[in-house]
Amino acid sequence: MEGFGEDEIESVLYIGREVSVFKIPPLKTNEGHRAQDWGDLGQPLWKGRLRIIERSAGVSIQFEDSTTGELFAKADYDPAKPSVEAVLDSSRYFIVRVEDNGRRAYIGMGFLERTDSFDFNVALQDYAKRWRAIQNPATPDTEKASPHVPVGPKKDYSLKDGQTFSIAIPGRAKANHTNTDEFLGGSLGSSAPSGFGVPLLPPPPPGAPRKR
């Protein structure tokens, strides 16, 4: 390919086997382009293949002859200034800004299948994500800790050898004390001797004389 050194390493991000190129009319409104305004979509200006190629200098969208590989048009893709725009009335057609020796032109482009246009979009989005990650690398200042995560060294709450712990259940001791008092004949009155938890029982009645 002309304009690139023999040692230039390139990576093919996407290949569209068959795309159509259309001449588009001037934009009448600020709403955007519509493929239905391009005339007969069955009679394109050009047909061929499309490749998205990544090199050290960046990414380019190349329209090439399907047989010979001859370059028809090329669009440099810069995520900061995208050269591809989707039309308003279809997911298969796009507007592409192409350049040739400093001259710019806008052409219409269409895919036969929606799956092809979807893969085309994904390839550009993946590259844009990588490009933004390189332009804005993460730093310790930007990676702030979450306010919901405690700051500082982690504490060790595990039990050591020989250590035990007890759990106090609210209301449990009071309930046990009440049940014991009821079982022994009621709660202690003020006449109970100090220091005893059980009331004294009266002595048994004297036994009746036994008949011989």
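1. In this predicted model, strands β3 (residues 58-64) and β4 (residues 71-77) form an antiparallel pair joined by six bridges. Within this pairing, Phe 63 faces Ala 73 of β4. Six residues separate the two strands of the hairpin, and Gly 69 has a positive phi near 80°.

2. The β3-β4 pair belongs to an open sheet of seven strands, arranged in the order β4-β3-β2-β1-β7-β6-β5 with antiparallel pairing. β4 and β5 (84-86) are the edge strands, each pairing on one side only. From one strand to the next, the twist averages 35°.

3. At the β5 end of the sheet, β5 pairs with β6 in the antiparallel sense through three bridges. Here Ala 86 is placed opposite Phe 94 of β6.

4. Helix α1 lies across β1, β2, β3, β4, β5, β6 and β7, and runs at about 130° to β1.

5. The largest nonpolar core comprises 23 residues, and the members with the most contacts inside it are Leu 50, Ile 52, Ile 61, Phe 63, Met 109 and Phe 120. At least two residues of this core come from each of β1 (11-23), β2 (46-55), β3, β4, β6 (93-100), β7 (103-111) and α1 (114-135). α1 supplies the largest share, four residues.

6. Leaving aside neighbours within four places in sequence, Phe 120 is in contact with Tyr 14, Leu 50, Ile 52, Ile 61, Val 84, Phe 94, Met 109 and Phe 111.

7. Another core, of seven residues, lies apart from the largest one; its members include Phe 22, Ala 35, Trp 38 and Tyr 93.

Note on methods. Residues are numbered from 1 along each chain as its sequence is written. This is a predicted model: local features need pLDDT of at least 70, side-chain atom pairs count only at pLDDT 80 or more; totals for chains, interfaces and linings use all residues. Side-chain values use heavy atoms; hydrogens and water are left out. Two strands pair if DSSP finds at least two bridges between them. A nonpolar core is a set of buried Ala, Val, Leu, Ile, Met, Phe, Trp, Tyr and Cys residues joined through side-chain atoms within 4.5 Å. Buried means under 20% relative accessible area, exposed over 50%, partly exposed in between (1.4 Å probe, protein chains only). Contact means heavy atoms within 4.5 Å. Axes are lines fitted to C-alpha atoms, for helices over the stretch in contact, and angles run from 0 to 180 degrees between N-to-C directions.
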